[in-house]
Amino acid sequence: MTEPDSSMQQMSSADLIERARRANVFFRASYEGTDPQSVRLPGAAVDELIQSLASGVHQELCQIVPYSAVSRPAELFSRAVFQQLARHATIRRMYLVPGEDVGGTEVDRQVDEDRQHHLHPVKVALSIGGETLQVPMADMWLIDRRVVVRQEVGRDGVTSWVVSRHSEDVERASLLWEALMRRVPASAQRARPPGPALTHSLIQSAKMLYAMAPMSCGPSHQDSLNCSWYHSAWQYLRLFDMVSSPQWHAEFYHRRLIEAIRGGARRILISGAADYTTLAFVLDAMRSTTGTLPDQLDVHVVDKCQTPLLACQWYARQAGTEVLLHKADITCPDTVRRLTADEGFDLVVADAFLTRFDRAAAVTVIDSWSALLRPGGQVVTTVRLHPGNEWPTVDAQDDRHQVSDLVDDFELRFRQRALGWRGLLQVQLEELSAAVREYASRMESHDLGDADDVRKAFGRRGFTLAETDIGEVEGELVRTKYLRLCAALSEDDSGSPGG
């Protein structure tokens, strides 16, 4: 047995306390750093920090408040201190919101309260997907353009405050403030884009579908065994506008759906649904046409997987209505018979659905749509065109692609877009990045030929093409061309497949 060290035996309790004090000094130095131009404080020290710095503001204090902090201003700002400070200095406060449809009431309430106390607040709505600005994910203050204060959130979720007078930190904060301020007129005057505003809904439901998919997914058109890898990541990718959805063709869907509803379309089938986005476009078109949703809504959604059907049920209830859900295979004749047992449909809507199938199976889907529609009924859809897509090369000068591997690039773009809004995600960024990477590596889209091939496939199945045009969008892994197609079933067609 080893004998205890004699020096330890002789150490007094005072010596032990002194050693503990030294350990604390070393820890504080490692936490706070030794940089004379910056200091780090624990997140709990926010009140002391505000009270200490307030008296040092001589002219102007600029504050950036991200949306994730709006609902808890009492924790982040000592209101009384700032109200007193506003008597001799200018307090400018900028609330960042991810889209016009998010946080309107609570942010506007906070803006009104600020104005009552002589602060100068603005609300800046940013597009949550594709913004080039490095949106701060936590609070940032700029004091007299001399010192910057920012809140940081570590990987373990622990917050701290960093106060810096480094010229590069102050300049970076000043440039960000000015860039965001330039968005204020545009944010206030920008026309509402066509289609539904879904940012708020996606923020609410993305975590729900992420957790639900492993339990509710099974075989589907995306994966013959289990499509949970697809639906887990889907809504987070939708939130950052990185996957194909009706939003990429918003003007086309909005216009065509309104025209169909004005033309009498009431019995509507959504064929294939990654989530509720297509349903949201249909309901939005109904409201735009009639001013309200009809009491007896006759909208149906068919999908082979339960997860998007549950998502559609959730969204419909949020909208104050109900839709009819069918867990079924659209290529199966029994499905077609059940869906048309009472009558045919006026309209079939499908977004980027055909390329889930090879050419032979895609023809079967078109046959099913033909059999589901009444004579004169329409299909409104988009089809990804593989020929002519812009695949990056080593020499390509495309600032959208930052690395040579497309999956690596997709994950990197997601991380860059998600970083500034990390407080909204409810899932750790590392975990989400892994799910996004799996999506990118496993997602498959079938080549159905060029635009003429797709047009001919519809023409042979008894459809008359009312509109076909080609649009280019950002795409998922690469920029991508889509055929936007509206086809009407011939009036004299019996609903049987064409020759």
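Is Arg145 buried, partly exposed or exposed? Arg145 comes out as partly exposed, at a relative accessible area of 34%; here buried means under 20%, exposed over 50% and partly exposed in between, with a 1.4 Å probe and protein chains only.

## Ground rules

This is a predicted model, so local features need pLDDT of at least 70 and side-chain atom pairs count only at pLDDT 80 or more, while totals for chains, interfaces and linings use all residues. Residues are numbered from 1 along each chain as its sequence is written, and side-chain values use heavy atoms, with hydrogens and water left out.

## The loop between E5 and E6

Let's stay with Arg145, which lies in the loop between E5 and E6. Helices (H or I, at least four residues) and strands (E, at least two) are DSSP runs, numbered from the N terminus. Arg145 has a positive phi of about 55 degrees, although it is not a glycine. Asp144 sits in that loop between E5 and E6 too, and its phi is positive as well, at about 50 degrees, again without being a glycine. For context, most residues other than glycine have a negative phi.

Arg145 pairs with Glu60, with the closest N and O atoms 3.5 Å apart. Since Arg145 is in the loop between strand E5 (140–143) and strand E6 (147–153) and Glu60 is in strand E2 (residues 60–65), the pair ties together parts that are 85 residues apart in sequence. Glu60 is buried at 17%. Asp144, for its part, meets Arg146 in a salt bridge (3.5 Å, N to O); Asp144 is buried at 11% relative accessibility, whereas Arg146 is partly exposed at 45%.

## Salt bridges elsewhere

The structure holds 29 salt bridges, each one being a side-chain nitrogen of Lys or Arg within 4 Å of a carboxyl oxygen of Asp or Glu. One of them joins Arg437 and Glu411, the closest N and O atoms being 2.9 Å apart. Arg437 belongs to helix H18 (residues 429–442) and Glu411 to helix H17 (residues 406–419), so this pair ties together parts 26 residues apart in sequence. Arg437 is partly exposed at 31%, and Glu411 is buried at 17%.

There's a network as well: salt bridges link Glu251, Arg255, Arg256, Glu259 and Glu467.

## Nonpolar cores

A nonpolar core is a set of buried Ala, Val, Leu, Ile, Met, Phe, Trp, Tyr and Cys residues joined through side-chain atoms within 4.5 Å. The largest one has 93 residues, and those with the most contacts inside it include Leu237, Phe414 and Tyr439. Leaving aside neighbours within four places in sequence, Tyr439 is in contact (heavy atoms within 4.5 Å) with residues including Trp229, Trp234, Leu237, Phe410 and Glu476. A second, separate core of 31 residues includes Leu269, Ala362, Ala457 and Ala487.

On a 1 Å grid over the protein atoms alone, a cavity is a set of points where a 1.4 Å probe fits but cannot get out, and lining residues have an atom within 4 Å of a point. The model has 3 cavities of 30 Å³ or more, where a volume is the space filled by probe spheres set on the points, joined across faces, edges and corners.

How values were computed: On a 1 Å grid over the protein atoms alone, a cavity is a set of points where a 1.4 Å probe fits but cannot get out, and a pocket is an open set with protein on both sides within 12 Å along at least five of seven lines; lining residues have an atom within 4 Å of a point.
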